[in-house]
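Subject: Structure handover

Hello,

Here is the structure for your files. My notes follow below.

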Amino acid sequence: MSILIIAEHDNCDLRPSTLNSISAAQAIGGDIVVLVAGSDCAGVADKLSKVPGIKKVLLADNPVYSHHLAENMAPLVAEIAEGFSHVLAPASTTGKNLMPRVAALLDMQAISDISEVISPDTFKRPVYAGNVIATVQSSDEVKVLTVRSTAFEAAATEGGNATIEQISSVHNQDNCTFVGQELAVSERPELTSARIVVAGGRGMGSSEGFAMLEKLVDKLGAAMGASRAAVDAGFVPNDMQVGQTGKIVAPDLYFAVGISGAIQHLAGMKDSKVIVAINKDPEAPIFQVADYGLVGDLFELIPAIEAQL
Amino acid sequence: MKVLVAIKRVVDYNVKVRPRADATDVDLNNVKMSINPFCEIAVEEAVRLKEQGLANEIVVVSIGPQQAQEQLRTALALGADRALLVVTEDVLEPLAIAKCLKVLCDREQPDLVLMGKQSIDGDNNQTGQMLAALTGYPQGTFASKLELTGDNKAMVTREIDGGLQTLALNLPAIVTADLRLNEPRYASLPNIMKAKKKPLDTSTPDDLGVSITPRVKLLKVELPAQRAAGIKVADVEELMDKLKNEAKVI
């Protein structure tokens with residue numbers, strides 16, 4: 001068996017989710033080849049060549065791949081995929097955008113968001129917003145998979161010595177043009193890879209409530225998250241949303257502050273190692289998943305916690 | 001401009017599904033079914049384009065059981081002009097659905113295809129991207145804003161990890177709706193009555209020449225591992241003590 005992994009990166013840095021996909025590939029077993037497609041991204045290929053267990057890094061360095069547009073990336077991946085038994089990518093918005101397009105070009109039925117490898121053709125994945133876990137078996141020749149990052153450990157980053165091979169193939173569809181992007185700029189760690197996440201819900205009451213939470217976030221060196229209710233109420237931007245339709249996180253420590261614990265939210269954070277819930281309602285469902293629950297007024301409790309750090 | 005909207009009949013989002021006793025699939029007996037919420041947003045977006053005078057015809061499509069007529073009638077009541085139902089009682093996978101939609105795109109020649117980014121049953125998030133591959137159209141997935149700029153292009157703002165991305169797509173294009181694209185309206189009673197008279201044509205995957213034989217076998221379904229509830233602490237001091245000395249996370 002041989003496995004092709006599509007690296008996720010911003011042309012400078014490798015996204016940690018790629019390392020989780022490498023672990024998933026190791027669980028499947030076989031030769032692992034990683035594709036780095038982008039523009040001026042040779043540094044990313046260098047980093048990946050040091051990851052133990054990778055046989056080869058393919059580098060497709062061309063301006064047409066700089067924004068990872070699915071229109072250009074999918075034919076490239078489909079072309080390289082020939083001869084591989086598996087093609088994997090992180091189940092991020094980039095991977096989800098790309099991989100079904102690759103699968104359809106190969107006439108394969110993709111499997112999204114795998115959370116466990118049972119055997120090389122059998123996988124577990126969450127369905128119905130994480131309320132049910134399905135075990136599915138693929139009969140396709142090439143298994144096209146996206147990987148739920150929080151379900152697999154990150155692979156080590158040092159000790160390997162893979163060869164780097166240039167790919168010169170250029171696919172440039174002129175029907176889609178990148179116009180621009182606005183990425184949230186933050187000194188804080190990235191939400192999906194942070195060791196500690198502090199998330200606020202509707203109970204924060206306002207954007208000012210979140211400003212208070214920020215002090216705790218920064219003292220802990222944490223990332224800030226939010227429930228869908230807080231995002232919909234306009235307290236914080238969309239990209240902070242934790243839940244089935246937002247980010248899936250599994251930090252060492254998760255603070256749920258003023259979050260009731262709707263199933264949608266739980267689906268995004270219940271794999272955290274330690275969960276702390278702070279809520280004024282002792283019956284809030286969040287307490288059913290919390291290791292430590294504290295009932296009371298968060299506007300008094302949060303400054304008190306911060307003072308103790 | 002013609003807009004084709006693909007919708008799916010799914011378990012209503014308020015229903016908490018459970019595995020069947022024999023764990024072969026989830027139990028869908030006597031549960032409420034609805035239009036997939038993301039598909040409803042796609043229908044709403046099409047209707048708004050028509051209200052703005054940018055679209056002149058909305059064709060709504062579904063692939064599924066006969067009962068999916070109910071969801072198509074709902075979409076007609078929301079403002080779609082006519083409906084197509086590809087009837088099958090068999091298990092459908094995203095690739096098979098995309099292949100049926102490809103044939104319908106060839107016949108209908110829409111300028112824009114709108115769909116939900118994913119269905120809330122299978123959570124696959126694949127069909128739009130697959131249809132884009134099969135038709136060769138550009139794709140604007142997870143859209144939170146759609147603007148037709150008049151030069152046969154669509155500007156699509158996409159919700160991506162870490163922020164927003166904007167793409168200019170040449171029409172025809174596929175756009176899949178994310179939650180914040182719009183807030184769908186409710187169908188009014190007069191419109192529900194009128195929708196009953198709108199045309200709804202049916203066909204089968206065989207009529208379209210599409211094989212829908214599944215590639216992926218569902219072996220079993222189970223509830224996720226439950227987290228045991230922990231303890232309630234009395235105050236901030238006890239919490240900090242537990243986090244430092246018991247959980248050792250700070």
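Which residue takes a positive phi just after helix 4 of chain B? B:Gly136 does, with a phi of about 80°. Helices (H or I, at least four residues) and strands (E, at least two) are DSSP runs, numbered from the N terminus.

On conventions: this is a predicted model, in which local features need pLDDT of at least 70 and side-chain atom pairs count only at pLDDT 80 or more, while totals for chains, interfaces and linings use all residues. Residues are numbered from 1 along each chain as its sequence is written, and chains are lettered from A and ligands numbered from 1 in the order in which they are written.

Chain B overall

Chain B has 7 helices and 13 strands. Its C-alpha trace spans about 65 × 45 × 40 Å along the principal axes. Of its 250 residues, 48% count as buried (20 or more other C-beta atoms within 10 Å of a residue's own, with C-beta atoms placed from the backbone; 12 or fewer is exposed, and in between is partly exposed). Among the contacts in chain B with a separation of 6 or more, 68% are between residues 24 or more positions apart. Two residues are in contact if their C-beta atoms, placed from the backbone, lie within 7 Å.

Helix 4 of chain B

Helix 4 of chain B is mostly covered, with 9 of its 9 residues buried. The buried residues include B:Gly128, B:Gln129, B:Ala132 and B:Ala133. Their cover comes from both chains: it includes helix 3 (70–80) and helix 4 (93–106) of chain A, as well as helix 3, strand 6 (112–116), strand 7 and strand 10 (173–177) of chain B.

Helix 3 (residues 94–108) of chain B packs against helix 4 (residues 127–135) of chain B at an angle of about 50°, and the axes are 8 Å apart. Axes are lines fitted to C-alpha atoms, for helices over the stretch in contact, and angles run from 0 to 180 degrees between N-to-C directions. The two helices of chain B, helix 3 and helix 4, are therefore oblique to each other (under 35 degrees counts as roughly parallel, over 145 as roughly antiparallel, 65 to 115 as roughly perpendicular, and the rest as oblique). Residues making the contact include B:Leu101 and B:Cys105 of helix 3 of chain B, and B:Met130 and B:Leu134 of helix 4 of chain B.

The interface

On the chain B side, 62 residues are in contact with 65 residues of chain A. Strand 9 of chain B gives the most to the side that touches chain A, with 8 residues. Strand 11 (residues 176–183) of chain A and strand 9 of chain B pair in the antiparallel sense over 7 bridges (pairing requires at least two DSSP bridges between the strands). One of the residues involved is A:Thr177, whose bridge partner in strand 9 of chain B is B:Ala168.

A helix pair in chain A

Helix 5 (residues 207–220) and helix 8 (residues 298–307) of chain A pack at about 25°, with their axes 10 Å apart. Helix 5 and helix 8 of chain A are therefore roughly parallel to each other. The crossing of helix 5 and helix 8 of chain A is left-handed.

Regards

How values were computed. Left-handed = near helix turned anticlockwise from the far one by under 90°.
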